[in-house]
Amino acid sequence: MGIIEWATSPFGQDVPIHIAWFLIWVAGIAGIAFMVVHVIYMRYFAREREFEGVEPQERVAKLPAKIPRHSFAARMFHWVMAAAMFVLLFTAFLPKLGVQFNWVTYHWVAGMVLTASILFHIIHAVFHMDFWAIWPDLADLEDAWRRFQRFIGQPAAMPRRFAKYPLENKLYHGAVLITGMSVILTGVFMMFRVRTNFLPRNPYLFGDMTWGLVYVLHGLAGVGLITLVIVHVYFAVRPEKFAITESMIFGSMSREFYLKEHDPQRWLVESPLSSPGRGMTDAD
């Protein structure tokens with residue numbers, strides 16, 4: 001059983017037409033299996049997190065009780081993107097599971113919303129945020145190696161506390177970036193095959209083989225997002241991660257959680273005493 005379904009073109013050529021739909025179940029089961037394995041790991045094998053260094057009390061006293069983490073614009077982008085993503089997944093895969101409805105219009109409209117939100121985010125990240133904060137750096141890799149060594153019982157220095165985004169957040173962001181951009185780029189091309197108010201319909205833009213590859217890539221990225229969304233929701237509701245989830249709702253996290261998990265030298269937070277009236281931005 002292959003992961004791609006093929007058909008014969010009018011010219012007798014074997015061309016791909018879409019992914020095999022059993023991959024929907026594979027992606028869902030993979031997401032659930034990840035949750036089960038992680039729960040077992042956290043329950044029976046994970047150790048209490050330990051970090052090097054303790055912040056001096058005089059510096060702690062100068063920090064605000066609530067640490068700003070996400071601006072209103074960043075939070076709105078996240079929730080608009082999330083809503084568009086869920087609509088896309090439901091309209092794409094529910095019909096393949098037997099739930100029939102007129103899904104095409106909902107699907108491409110949600111795709112346009114997702115595309116617009118991503119374009120906004122790119123501009124916002126480049127000009128108003130610390131663009132490199134979400135990308136892994138050498139310190140992330142060194143600390144990941146230290147944590148692994150300590151987990152298997154080898155002597156190693158204690159890892160540092162995280163910057164604004166822990167390594168796992170950065171890696172997840174990279175995975176979503178690859179799958180999301182694959183969905184968006186192929187989805188824009190696929191809009192030439194349906195009637196919309198934005199692009200002229202032109203099903204002859206590509207040949208049969210190229211169209212088939214576009215559909216296959218779109219489908220593979222789509223089922224990949226099923227697993228990624230399950231994993232994301234799972235971590236969002238875990239107790240030790242819920243402070244991060246709350247910051248995506250309210251924009252800030254407690255000073256206690258910030259000092260426990262994050263390194264003030266790597267994620268600088270300006271004291272309200274040193275800059276009265278100034279709100280922290282994403283670039284901080």
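Which residues in helix 1 meet which residues in helix 7? Before I answer, this is a predicted model, in which local features need pLDDT of at least 70 and side-chain atom pairs count only at pLDDT 80 or more, while totals for chains, interfaces and linings use all residues. Residues are numbered from 1 along each chain as its sequence is written, and side-chain values use heavy atoms, with hydrogens and water left out.

On the helix 1 side, the residues in contact (heavy atoms within 4.5 Å) include Leu23, Ala27, Phe34 and His38, and they meet residues of helix 7 including Leu220, Ile226, Tyr234 and Phe235. By class, this contact has 15 nonpolar, four polar and no charged residues, where Ala, Val, Leu, Ile, Met, Phe, Trp, Tyr, Cys and Pro count as nonpolar, Asp, Glu, Lys and Arg as charged, and the others, Gly among them, as polar.

Turning to helix 6, residues 167-190, the buried residues (under 20% relative accessible area, 1.4 Å probe, protein chains only) include Leu167, Lys170, Gly174 and Met190, and what covers the buried residues of helix 6 includes helix 4, helix 5 and helix 7.

Finally, Ala84 sits in helix 3, residues 72-93, and is buried, with a relative accessible area of 6%. Leaving aside residues up to four places away in sequence, Ala84 touches Ala110, Val113 and Leu114, and from Ala84 to Tyr106, 22 residues apart in sequence, the C-alpha to C-alpha separation is 9.9 Å.

Key: Helix = DSSP H or I, 4+ residues; strand = E, 2+ residues; numbered from the N terminus. Expected span 1.5 Å × (residues − 1). Buried < 20%, exposed > 50% of the residue type's maximum accessible area, 1.4 Å probe, protein only.
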